[in-house]
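Hello,

Here is the structure I promised to pass on. Please open it first, then read my notes below.

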Amino acid sequence: METVLVTGGAGFIGSHLCESLLKQDYRVICVDLLDNDLTELKLRNVDNILSNPNFFLYSKNINIFEEISSIFESNQIDYVINLAAKTGVRDSFLNPELYFETNIFGLFNVLKLASKYKVKKFIFSSSSSVYGNNKKIPFSENDLVENQISPYAVSKRSGELLCKMFSDLNDLDVVCFRFFTVYGPRGREDMAISKFVRAIDSGEHISLFGDGTSQRDYTYVSDIVDGIVASLKLKSRFEIINLGDSNPITLINLVRIIERVLGKTATIDFLSSQVGDVDVTFADISKANKLLNYVPKVSVETGIAKFVEWYKN
Ligand SMILES: NC(=O)c1ccc[n+]([C@@H]2O[C@H](COP(=O)([O-])OP(=O)(O)OC[C@H]3O[C@@H](n4cnc5c(N)ncnc54)[C@H](O)[C@@H]3O)[C@@H](O)[C@H]2O)c1
């Protein structure tokens, strides 16, 4: 049985990933911060796998080298998937140093240990935000990415460069995924779909930044998880791969879909665009398809219906 270390494994994407890995007979070591006001939420995320004998949960901080080195010392780890991060574009303007600390320095710690213990593959969760306001659509991994417009995006692009350096210098096999707006059950409360569903369902106003024409490539979490799991067996030294739905929709259209699913009408407050928000995200997923057989299976309409079903329960 092979062992996968998932940092940030009690988060939104991480908890779905751990679940899927366990189903596919991997032993899973989940590392997350479980000593803050989000602990209850994190424990709820992994509630249904806590009793699985192949699941091991550790409260550790990737920013503290000694905390995670002890895990590598006492376990034979085959793969590392680093999802732990400070997330959210807008908040990154308020506390950029916290983003750089976890998303660059914390990542550096994990890369160092993965190299030392010669793991078979290192997976890094980058983001579509590295494309900034890329004019060419869809966004391809070959596009120049020199115009990040938020500290979060800079931290993710820096993470990719760190991964490349470790891969080159230490013969570490690495895949950097650029995820495009991930949503689904247990989705982060700071994300638009979560906020809109909660507000529209309870009859509150929703704040819509911009005129509603900005577009996002919303990707259902199980599609992202399938892409990550497939990459564990990819034979390659270093790859950057988009994981998206490749079907962007406008913000106003997103609201209309949520209205239809909930059977309720939104009251919208239109506000000016926020700094750091890009106009469009649109993934070219041909590389993921070629290397990983990746084909997104869940349409936005179906995915939102699944999210609402989870939310109602
Ligand atoms: N959700 C998206 O739309 C999206 C898009 C692009 C990229 N990503 C990336 O995917 C990854 C997972 O995102 P998510 O949406 O599941 O976010 P999340 O916040 O739910 O999960 C991140 C987890 O990392 C943990 N964490 C943070 N700092 C840590 C530290 N120092 N040590 C240990 N654990 C720490 C958090 O407690 C959290 O559980 C992140 O790297 C994020 O940047 C997400």
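Disulfides first: the structure, which is a predicted model, holds 0 of them. Cys-163 is in no disulfide, and the nearest cysteine sulfur belongs to Cys-176, 3.9 Å away. Cys-163 is buried, because its relative accessibility is 0%. Cys-176 is in no disulfide either; its nearest cysteine sulfur is that of Cys-163. Cys-176 also has a relative accessible area of 0%, so it is buried.

Next, the ligand. Which residues are closest to it? They are Asp-32, Asn-61, Ser-125, Tyr-152 and Val-182, out of 27 residues that surround the ligand. By type, the shell divides into 12 nonpolar, 10 polar and 5 charged residues.

An oxygen atom of the ligand lies 2.8 Å from an N or O atom in the side chain of Ser-125. The backbone is involved too. A polar backbone atom of Leu-83 is 2.9 Å from a ligand oxygen. For Gly-11, the distance from a polar backbone atom to an oxygen atom of the ligand is 3.3 Å.

How much of the ligand does the protein cover? On its own, the ligand has 820 Å² of accessible area, and the protein covers 93% of that. The largest share, 3 residues, comes from E5.

Now follow the chain into the loop between E5 and H5. Asp-143 is placed there. Is Asp-143 buried or exposed? Its relative accessibility is 13%, and buried means under 20%, so Asp-143 counts as buried. The side chain of Asp-143 makes a polar contact with the side chain of Lys-136, at 2.9 Å. Leaving aside neighbours within four places in sequence, Asp-143 is in contact with Tyr-131, Asn-134, Lys-136 and Pro-138.

Pro-138 has its place in the loop between E5 and H5 as well. Look at the bond before it. The peptide bond from Ile-137 to Pro-138 is cis, and its omega is near -10°.

Thr-281 counts as buried, because its relative accessibility is 3%. The side chain of Thr-281 reaches the backbone nitrogen of Asp-217 at 3.0 Å. Residues up to four places away in sequence aside, Thr-281 touches Ser-128, Phe-139, Phe-180, Thr-181, Gln-215, Arg-216, Asp-217 and Pro-248.

Then there is helix H6, residues 192-201. Why call H6 largely enclosed by the rest of the structure? Because 7 of its 10 residues are buried. These are Ile-193, Ser-194, Phe-196, Val-197, Ala-199, Ile-200 and Asp-201. What do they pack against? The buried residues of H6 pack against strand E7 (182-183), strand E8 (205-209), helix H8 (251-262) and H10. After H6 comes Gly-203, with a positive phi near 75°.

Positive phi values also turn up in residues other than glycine. Asp-25 is one of these, with phi near 65°. It sits in the loop between H1 and strand E2 (27-32). Asp-25 has a relative accessible area of 54%, so it is exposed.

Asn-293 has a positive phi too, near 60°, and is not a glycine. Its loop runs between H9 and helix H10 (300-312). At 66% relative accessibility, Asn-293 counts as exposed.

One is Ser-125, whose side chain has an N or O atom 2.8 Å from a ligand oxygen. The other is the cis bond from Ile-137 to Pro-138.

Best wishes

Notes:
Residues are numbered from 1 along each chain as its sequence is written. This is a predicted model: local features need pLDDT of at least 70, side-chain atom pairs count only at pLDDT 80 or more; totals for chains, interfaces and linings use all residues. Side-chain values use heavy atoms; hydrogens and water are left out. A residue is near a molecule or strand if one of its heavy atoms lies within 4 Å of it. A polar contact is a pair of N or O atoms within 3.5 Å; within protein, one must be able to donate a hydrogen and the other to accept it, and residues adjacent in sequence count only if both atoms are side-chain atoms. Accessible areas come from the Shrake-Rupley method with a 1.4 Å probe; for residues, only the protein chains shown count as cover. Helices (H or I, at least four residues) and strands (E, at least two) are DSSP runs, numbered from the N terminus. Ala, Val, Leu, Ile, Met, Phe, Trp, Tyr, Cys and Pro count as nonpolar, Asp, Glu, Lys and Arg as charged, and the others, Gly among them, as polar. Buried means under 20% relative accessible area, exposed over 50%, partly exposed in between (1.4 Å probe, protein chains only). Contact means heavy atoms within 4.5 Å. A disulfide is a pair of cysteine sulfur atoms within 2.5 Å.
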